[in-house]
Amino acid sequence: MINIILPVDFSDATEKLVEGAVKFAKEANGKICLIHVAPADIGFAIGDMGFQYFPEVEQNEIKQELMQLNNLEQRIIAQGIDCEHLLKQGVAGDIILEYAKDKSAGYIVMGSHGRSNMYDVFVGSLTKELTRRSHIPVLVIPIH
């Protein structure tokens, strides 16, 4: 069974991405390894006093994201696919590639959407980075 890394960001595109990854996992006899990388600066705000850290904001955000990961995992398992999840904070590209290496993954599945400039609108900046840096195949699912 091959491990398939599936980074999720809980955007509107997540549902279509998960649907494509499940289809691929069924065809490839794979296990989905969900990962969400939260920014390292959750809980920081800029105010009159400069940068301030609010641990309760960070804890609440992480708790919500873990619940979303758990829900996705259970929905994938209900479709007959083995699944596990991980939530980490930091630089997304680095953490995803490290996770893929740790899991001896065969594939990384990403979406084709992005948030900036025309190239990124179609490919996505993180997808672009991972296709450039990854030593394993990156399957890009069209999200539009």
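**Exercise 1.** Find the residue with which Glu84 forms a salt bridge, and state where the two residues lie.

*Solution.* Step 1: a salt bridge is a side-chain nitrogen of Lys or Arg within 4 Å of a carboxyl oxygen of Asp or Glu. Step 2: Glu84 meets this criterion with Lys31, with 2.6 Å between the closest N and O atoms. Step 3: Glu84 belongs to strand β5 and Lys31 to strand β2, so the pair ties together parts that are 53 residues apart in sequence. Step 4: Lys31, Glu84 and Lys103 are linked in a network of salt bridges.

The model is predicted: local features need pLDDT of at least 70, side-chain atom pairs count only at pLDDT 80 or more, and totals for chains, interfaces and linings use all residues. Residues are numbered from 1 along each chain as its sequence is written, and side-chain values use heavy atoms, with hydrogens and water left out.

**Exercise 2.** Describe the salt bridge between Asp94 and Arg133, including the exposure of both residues.

*Solution.* Step 1: the two side chains meet at 2.9 Å, N to O. Step 2: the pair links distant parts of the chain, with Asp94 in helix α3 and Arg133 in helix α5, 39 residues apart. Helices (H or I, at least four residues) and strands (E, at least two) are DSSP runs, numbered from the N terminus. Step 3: buried means under 20% relative accessible area, exposed over 50%, and partly exposed in between (1.4 Å probe, protein chains only). Step 4: Asp94 has a value of 39% and is partly exposed; Arg133, at 33%, is also partly exposed.

**Exercise 3.** State which residues of helix α5 are buried and what they pack against.

*Solution.* Step 1: within α5 (residues 125–133), the buried residues are Thr127, Glu129 and Leu130. Step 2: they cover an arc of only 160 degrees around the axis, which puts them on the same side of α5. The arc is that of the directions from the helix axis to the C-beta atoms. Step 3: these residues pack against α3 (92–102), β6 (107–111) and β7 (138–141), where contact means heavy atoms within 4.5 Å.

**Exercise 4.** Give the strand order of the open sheet and name its edge strands.

*Solution.* Step 1: two strands pair if DSSP finds at least two bridges between them. Step 2: the order of the five strands is β5-β2-β1-β6-β7, with parallel pairing. Step 3: β5 (83–89) and β7 are the edge strands, each pairing on one side only. Step 4: β6 and β7 pair over four bridges, and Val109 stands opposite Leu139 in β7.
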